[in-house]
Amino acid sequence: MELSAVFLSRLQFAFTVSFHIIFPTLTIGLAIYLAFLEGMWLKTGRALYKQLCLFWGRIFALSFGMGVVSGIVLSYEFGTNFSRFSEAAGNVLGPLLTYEVMTAFFMEAGFLGVMLFGWNRVGPRLHYFATLMVALGTTVSAFWILSANSWMHTPAGTELRDGVFYVRDWFEVVFNPSFPYRLAHMLLASLITTTFFVAGICAWYVLKAREQEFAGRALKLALLTAALLTPLQVLVGDLHGLNAYEYQPMKVAAMEGRWETMAGAPLLLFALPDQEAEKNRFEIGIPKGASLILEHDPNGVIKGLKSVPPEDRPPMAPVFFSFRVMVGLGMLMLCLAWLGVWYTWRGSLLTRRWYLRVLLWMAPAGLVATLAGWYVAEIGRQPWLVNGLLRTVDGVSPLAPWQVLTTLLAFVLVYSVLFGAYLYYLLRIIRKGPQIKDEPGSITPAKHAQPAFMPVEGD
Amino acid sequence: MDLVLIWVVIIAVGVMVYVVLDGFDLGVGILFPLAGSDRHRDTMMLSVTPFWDGNETWLILGGAGLLAAFPKAYAVLLSALYLPLMLMLIALILRGVSFEFRFKADESHRILWDISFSVGSSLAAFCQGVTLGAVVQGIPVEAGSYSGGPFGWLSPFSIFTGLAVMTGYALLGATWLIRKTEDDLQQWAYRVAKIILPLLLCFILLVSVWTAWAEQDIANRWFSLPNFYWLSQVPLATLLLAGGAWYCLVKRIQGPPFLLSVALFLLAYIGLVISIWPYIVPRAITFWEAASPPESQLFVLIGFAIFMPFVIGYTIMGYRIFGGKVNESDGYH
């Protein structure tokens, strides 16, 4: 593929958004976990919970900071790299993004300072309120951005006149057909990602015989949560897939590795798609499986990629493989979570060292699965920016390729260094641990009984 | 009531709030390497740590609000200013992460995040100034798209405004430190502010003269009668405020210099709006030409009316909770 401004802009957006999504995925779940821990602290008054709040708060702060700075880039890239898309869809997407800023970003940012640095400045109740607001903010943020993203997949409530989208009905825009599924799928992904992240870290403490005050119990809670959420995610994912099958059949064709339209199509477990030859060079599958899943009929007809002209097809291979990575990791997480629950029930969880080691390696599994899922959704949307209505090639800015290449290389360089630094400090926080000293009454909410607002001099 | 006009005010006020709020924390970053000791640098950073994230959110509001209310301007301006904006974003990333990393770093690599913080802050401020200069000079547009090439924004004037904005932010940073710190660091901030204030006045004067000299239309607007009687109040007020600020710096009065610096920014900003009115992309696209249709502008306006009072409320609450002098125990736990 030649290095056109279109291709480079897409690559840059893909790179910067992939880097960004790692952090919100983690912090949506961690914020809820922090709210839980602080609630326990207020309820029980045990110092253990306060120390856990501080510990996970450090990890949260580190990740949240990365999410903030990498997120600002995205809100400008729509204009810098996709100016014609911005002009065409600004009437629709601009308001949704502005709502996100007004209802979520300000709330997160406004209360984050209090949550991280306000322990000695405000009373425990106001602090807890701040933590809850941060958690709410992260979720509300997901609501708006996923609504905007979903509209690009299943545009509704708008009409296209002279190359510009005009809104007819805001309710239809916000609650467009794929939005409920995508929102549920992503929020569950975020929670599951966090449970495995927490479980991995706790498993490491158990393996090292450290932090025994909390590691074992936190591990069990994380696994139990994952055991409940993963089957739910399978169900939601299936519904999401059926929704895509209805509105974006070519995306599903790419996911299923299907070139020819076929009755009784097999569920391909593995294949080597060849875009040029318009066929798979190798495939292995379960007969009639795809028809059964998508049409609920073993002889149902599944549309293939060749049912549309080549210029309307998404590239099959990346969609096909990303889908398998996502589903594979998802199933693995489901099995591991239930195995963990089984071991917990048998009372042998903390002595199964091989299992704990697997959990350690699975700490980033949710993140990888989430990224793979996004590649399925977004590459599967190609060649469209707004499905069926605006092509990606018609949405980019009039930039010289070298301009985009320069900034892309700069992002790769800066993000690589920052990701290295992030991992370095993350591992250091984990290695240091929360250093629990659970002396009854040492740091209890009562000792912090100060007025919500401290009198401030010279203000 | 003209919906577009309401949005002009909202965007203008939003940008102004951003400039003042992020201005002081970027300014602290610009002054950062000049501080006398690591202990001072710790205090300087702590003085903005609880706020920088909220401050930068106004920049996102600016971007998203522009896309919502004036999509055509968003598209043209952002693609025209591609390189300086991208550089600004990367600079903001470098300084943003240094808040987290610096307090977690060992002594030996703290210097790395010191550099990242100060270079990032300075570069972000400089790029914002360059962007401003390029916009004031005018953005060439053909058939609704930017047509000025990759370096259309680069000129002696835009470089000059880049330096001017850096200086302005440094003054906000110095006067912020006067409010937030004590003893020798505060004394240092007083001395720094006394150097920057006259420098900034020179920049404001030169940028004004340069703008009027380069653009006949702008000169006519300011110097024709009767406009001159009204508009000459802006430079007069600027001088008055600067005099007041100078007096407070000499007398070591700690509260007002920051507020007076903010007022200076406000006046310079009003002057700027007078010069470029009624264009959002100067001399190419007016606010009305760039506006999104009423159904989009109204939809966001409703949300704005509902949510922004809360935003302003808890932003003020945050500033009050962390009011007073910087407290070392407010750092990372």
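Is B:Asp183 buried or exposed? The model under discussion is predicted. In it, B:Asp183 has 9 other C-beta atoms within 10 Å; because a residue counts as exposed at 12 or fewer, B:Asp183 is exposed. The place of this residue is in helix H8 of chain B. B:Asp183 also has a positive phi, about 55°, although it is not a glycine. Most residues other than glycine have a negative phi.

A positive phi is also found in chain A. A:Lys288, which is not a glycine, has a positive phi of about 60°. This lysine, A:Lys288, lies in the loop that links strand E5 (279-286) to helix H9 (289-295) of chain A. With 18 other C-beta atoms within 10 Å, A:Lys288 is partly exposed.

The overall form of chain A may be considered next. Its secondary structure comprises 13 helices and eight strands, and its C-alpha trace spans about 70 × 60 × 40 Å along the principal axes. A compact globule of 459 residues would have a radius of gyration near 23 Å, and the 24 Å of chain A agrees with this. Of these 459 residues, 54% count as buried. Among the contacts in chain A with a separation of 6 or more, 75% are between residues 24 or more positions apart.

Since 18 of its 18 residues are buried, H3(B) is largely enclosed by the rest of the structure. Helix H6 (residues 107-137) of chain B has 31 residues, which should span 45 Å at 1.5 Å a residue; its end C-alpha atoms are 46 Å apart, in agreement. In H6(B), 22 of the 31 residues are buried, so this helix is likewise largely enclosed by the rest of the structure.

Just after H6(B), B:Gly138 takes a positive phi of about 110°. The C-alpha atom of B:Gly138 is separated by 9.9 Å from that of B:Glu215, 77 residues apart along the chain. B:Glu215 is found in the loop between helix H8 (183-214) and helix H9 (216-223) of chain B, and is partly exposed, with 18 other C-beta atoms within 10 Å.

How do two helices of chain B pack? The axes of helix H1 (residues 3-31) and helix H7 (residues 156-180) of chain B come within 6 Å and cross at roughly 90°; the two are therefore roughly perpendicular to each other. The residues of this contact divide into 14 nonpolar, four polar and no charged.

Finally, most peptide bonds are trans. In chain B, the bond from B:Trp277 to B:Pro278 is cis, with omega near 0°; B:Pro278 lies in the loop between helix H12 (256-276) and strand E3 (279-281) of chain B.

Technical notes. Residues numbered from 1 in each chain as written. Chains lettered and ligands numbered in written order. Predicted model: local features only at pLDDT ≥ 70, side-chain atom pairs only at ≥ 80, totals over all residues. Helix = DSSP H or I, 4+ residues; strand = E, 2+ residues; numbered from the N terminus. Rg over C-alpha atoms; globule rule 2.2 N^0.38 Å. Buried ≥ 20, exposed ≤ 12 C-beta atoms within 10 Å, placed from the backbone. Contact = placed C-beta atoms within 7 Å. Axes fitted to C-alpha atoms, helices over the stretch in contact; angles between N-to-C directions. Parallel < 35°, antiparallel > 145°, perpendicular 65-115°, else oblique. Nonpolar A, V, L, I, M, F, W, Y, C, P; charged D, E, K, R; others polar. Expected span 1.5 Å × (residues − 1).
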